[in-house]
Amino acid sequence: MSSDYFLLTYSVKAQTGYESDIKKAEKVRNDIAKITEWDKSENNETTFMGVISANGVTEESRKNFAKKEVESKFLEILKEHDASKYDVIIYCSMMIESAARYFEFEISQ
């Protein structure tokens, strides 16, 4: 299994101005901050770094593998708070050691 150093920054956004969606987004954001498997930046509240699995032959396949690992953790939290894609979306920017450039993706359910 191949691993890469990574840097991940994310924003959790309510998709409406409804108080219920804003509260869901806050709960999701707070629970993501509790993830302990990765190192958390001391000064940037929504930034993680560490080592992540990034298997694959091509750069694109390694990016997809890393993205799926992040998705699996974040989707658990969205499900826990019953946050659908109409309520909350998590926007991510990520860099992995074996890729020449950062990539962006969204996570929702």
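Which residue stands opposite Ile90 in S5? In this predicted model, the residue is Ile107.

Strands S4 and S5 run antiparallel to each other, paired over 5 bridges. A hairpin of 6 residues connects S4 to S5. Strand S5 shows two faces. Phe103, Phe105 and Ile107 form its covered face. Glu104 and Glu106 form the uncovered one.

Now widen the view. S4 and S5 belong to an open sheet of 5 strands, ordered S2-S3-S1-S4-S5. The pairing is antiparallel. Strand S2 (39–40) and strand S5 (103–107) are the edges, and each pairs on one side only. Strand S1 covers residues 3–14, and strand S3 covers residues 47–53. These two strands also pair in the antiparallel sense, over 7 bridges. Within that pairing, Leu8 stands opposite Phe48 in S3.

Next come the helices. Helix H1 (residues 19–32) packs on the sheet. H1 touches S1, S3 and strand S4 (88–96). The direction of H1 makes about 160° with that of S1. Helix H2 (residues 59–80) lies across S1, S3, S4 and S5. H2 runs at about 30° to S5.

Leu7, Met95 and Tyr102 make a nonpolar patch of about 280 Å². Leu7 sits in strand S1. Its relative accessible area is 39%, so Leu7 counts as partly exposed.

Charged side chains come last. Side chains of opposite charge can pair when their charged atoms come close. The model holds 4 salt bridges. One of them joins Lys24 and Asp87, at 3.0 Å from N to O. This pair links distant parts of the chain: Lys24 lies in helix H1, Asp87 in the loop between H2 and S4, 63 residues apart. Asp87 has 13% relative accessibility, so Asp87 counts as buried.

Another salt bridge joins Glu37 and Lys73, with the closest N and O atoms 2.5 Å apart. Again, distant parts of the chain are linked. Glu37 is in the loop between H1 and S2, Lys73 is in helix H2, and 36 residues separate them. Glu37 is exposed at 59% relative accessibility, whereas Lys73 is buried at 16%.

Lys34 and Asp31 form a salt bridge too, their closest N and O atoms being 3.4 Å apart. Asp31 counts as buried because its relative accessibility is 16%.

Notes:
Residues numbered from 1 in each chain as written. Predicted model: local features only at pLDDT ≥ 70, side-chain atom pairs only at ≥ 80, totals over all residues. Heavy atoms only, no water. Pairing = 2+ DSSP bridges. Helix = DSSP H or I, 4+ residues; strand = E, 2+ residues; numbered from the N terminus. Contact = heavy atoms within 4.5 Å. Axes fitted to C-alpha atoms, helices over the stretch in contact; angles between N-to-C directions. Patch = residues over 30% accessible without salt bridge, like charges linked within 9 Å, V, L, I, M, F, W, Y side chains within 5 Å. Areas by Shrake-Rupley, 256 points an atom, 1.4 Å probe, with all protein chains shown as cover. Salt bridge = Lys/Arg side-chain N within 4 Å of Asp/Glu carboxyl O. Buried < 20%, exposed > 50% of the residue type's maximum accessible area, 1.4 Å probe, protein only.
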